[in-house]
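Here is a short briefing on one protein model. Keep the structure open beside the text and find each residue as it comes up.

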Amino acid sequence: MSFEKTFQDKVDQDIRIEPKDWMPDAYRKTLIRQISQHAHSEIVGMLPEANWITRAPSLKRKATLIAKVQDEAGHGLYLYSAAETLGISRDEMLGQLHSGKTKYSSIFNYPTITWADMGAIGWLVDGAAIMNQVPLCRASFGPYARAMVRICKEESFHQRQGFEILLVLSKGSEAQRRMCQDAIDRWWWPSVMMFGPNDDASPNSELSMRWKIKRFSNDELRQKFIDVCVEQVKLLGMTLPDPDLKWNEEKQHYDFGPIDWEEFKNVISGNGPCNKERLAARVQAHEEGAWVREAAMAHAEKKNKEKNAA
């Protein structure tokens with residue numbers, strides 16, 4: 001029996017692939033691309049929210065936002081660690097991010113203009129992330145699947161936190177209600193785009209589905225997200241910025257309007273509102289943190305020498 005057949009049989013039987021197992025080069029490369037982009041998205045995703053830590057409307061809001069940003073850093077750590085088991089170093093992954101060779105989620109290239117954006121990101125952005133990520137807890141690659149279990153639990157909390165921010169604003173003054181609706185209007189379509197291109201334009205989906213890295217297609221997950229949000233927005237007394245939203249009795253799903261894929265491609269290509277700002281902030285943070293990494297390595301080396309000498 002060939003290595004390829006043994007590998008696919010394990011995948012088909014839902015037996016996890018572990019780092020020391022034989023795997024096709026294309027499977028390894030696909031995982032490195034997906035997991036590293038996921039990790040990059042977590043750490044770049046800290047930036048739009050960090051923008052509001054010093055301006056949060058109360059001490060409670062400040063503390064919960066700090067905790068959320070800290071969670072995202074932890075998610076990046078888990079994912080970089082999972083990717084490293086595939087033979088790529090963290091320095092190499094970060095180098096690819098800083099050079100623009102690898103991407104992160106396009107959603108983080110939009111500005112956070114008002115406090116309500118913290119709610120919209122939690123409800124919509126993290127909500128879309130959860131739709132994508134819960135199936136990854138059953139991904140065929142063991143380290144990735146195990147990392148996703150804790151990440152999804154924390155993201156679920158982030159989503160509830162974001163919805164609660166919007167709920168409070170929706171019950172506030174007229175100005176607060178307008179702020180709430182404005183944030184939903186600005187974050188809705190970028191969140192819908194988070195699921196990636198339509199299935200017929202997604203070059204990596206077919207293999208990822210066969211290898212059970214992905215369990216559902218982009219369009220299936222997008223539809224599920226829209227169906228859920230249409231019902232949830234009613235609790236806020238707000239509306240989604242899509243005049244074409246309509247229940248389809250035959251499909252048992254909501255129909256929705258056309259997605260502006262030109263905007264999506266533009267942001268992915270580096271021409272979004274905050275692309276350059278986000279990447280510059282990450283590069284600066286990496287360079288300014290060099291002394292911390294050097295100190296940590298020196299400390300680890302010292303402890304290792306002490307242990308060997310004992």
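At 38% relative accessibility, Ala26 counts as partly exposed. Ala26 sits in helix α2. This model is predicted.

- Start with Ala26 and Leu207, which are 181 residues apart in sequence. In space, their C-alpha atoms are 9.2 Å apart.
- Thr114 belongs to the loop between α5 and α6.
- Thr114 has a relative accessible area of 18%, so it is buried. The cut-off for buried is under 20%.
- Setting aside neighbours within four places in sequence, Thr114 contacts Trp52, Met179 and Arg186.
- Lys276 is part of helix α12.
- Lys276 counts as exposed because its relative accessibility is 65%, and exposed means over 50%.
- Lys276 touches Gly270 and Asn271, with residues up to four places away in sequence not counted.
- Along the chain, Lys276 and Asn109 are 167 residues apart. Their C-alpha atoms are separated by 8.6 Å.

- Helix α2 has 20 residues. From its first C-alpha to its last it reaches 28 Å, close to the 28 Å expected at 1.5 Å a residue.
- How many of the 20 residues of α2 are buried? The count is 14, so α2 is largely enclosed by the rest of the structure.
- Helix α4 has 26 residues. It reaches 38 Å from first C-alpha to last, close to the 38 Å expected at 1.5 Å a residue.
- The buried residues of α4 include Arg61, Lys68, Glu72 and His75. Also among them are Leu65, Val69, Leu79 and Tyr80.
- What covers the buried residues of α4? The cover includes α2 (25-44), α3 (46-50), α5 (90-99), α6 and α7.

**The largest pocket**

- The volume of the largest pocket is about 1100 Å³.
- Its lining is made up of 43 residues. Gln37, Asn132, Met194, Phe195 and Gly196 lie nearest the centre.
- Several elements give two or more residues to this lining: α2, α4, α6, α7, α9 (205-210), α10 (218-236) and α11 (261-271).
- By class, the lining of the largest pocket divides into 18 nonpolar, 15 polar and 10 charged residues.

**The second largest pocket**

- About 360 Å³ of space lies in the second largest pocket.
- This pocket is lined by 15 residues. Arg90, Leu94, Arg282, His286 and Arg293 lie nearest its centre.
- The elements that give two or more residues to its lining are α4, α5, α12 (275-288) and α13 (290-309).
- Which element gives the most to the lining of the second largest pocket? It is α4, with 4 residues.
- The lining of the second largest pocket holds 8 nonpolar, 3 polar and 4 charged residues.

**The cavity**

- The structure holds 1 cavity of 30 Å³ or more. About 40 Å³ of space lies in the largest cavity.
- Its lining is formed by Glu49, Leu65, Lys68, Met118, Gly122, His158, Gln161, Gly162 and Ile165.
- Two or more of these lining residues come from each of α4 (59-84), α6 (116-133) and α7 (142-170).
- Helix α7 gives the most to the lining of the largest cavity, with 4 residues.
- The lining of the largest cavity has 3 nonpolar, 4 polar and 2 charged residues.
- Leu65 and Lys68 line the largest cavity, and both are among the buried residues of α4.

**The cysteines**

- How many disulfides does the structure hold? The number is 0.
- A disulfide needs two cysteine sulfur atoms within 2.5 Å.
- For Cys152, the closest cysteine sulfur is in Cys137, 3.8 Å away, so the two are too far apart for a bond.
- Cys152 is buried, with a relative accessible area of 8%.
- For Cys229, the closest cysteine sulfur is in Cys180, 13 Å away, and that is too far for a bond.
- Cys229 is also buried, at 2% relative accessible area.

Terms used. Residues are numbered from 1 along each chain as its sequence is written. This is a predicted model: local features need pLDDT of at least 70, side-chain atom pairs count only at pLDDT 80 or more; totals for chains, interfaces and linings use all residues. Side-chain values use heavy atoms; hydrogens and water are left out. On a 1 Å grid over the protein atoms alone, a cavity is a set of points where a 1.4 Å probe fits but cannot get out, and a pocket is an open set with protein on both sides within 12 Å along at least five of seven lines; lining residues have an atom within 4 Å of a point. Grid points are joined across faces, edges and corners, and a volume is the space filled by probe spheres set on the points. Ala, Val, Leu, Ile, Met, Phe, Trp, Tyr, Cys and Pro count as nonpolar, Asp, Glu, Lys and Arg as charged, and the others, Gly among them, as polar. Buried means under 20% relative accessible area, exposed over 50%, partly exposed in between (1.4 Å probe, protein chains only). The expected span of a helix is 1.5 Å times one less than its number of residues. Contact means heavy atoms within 4.5 Å.
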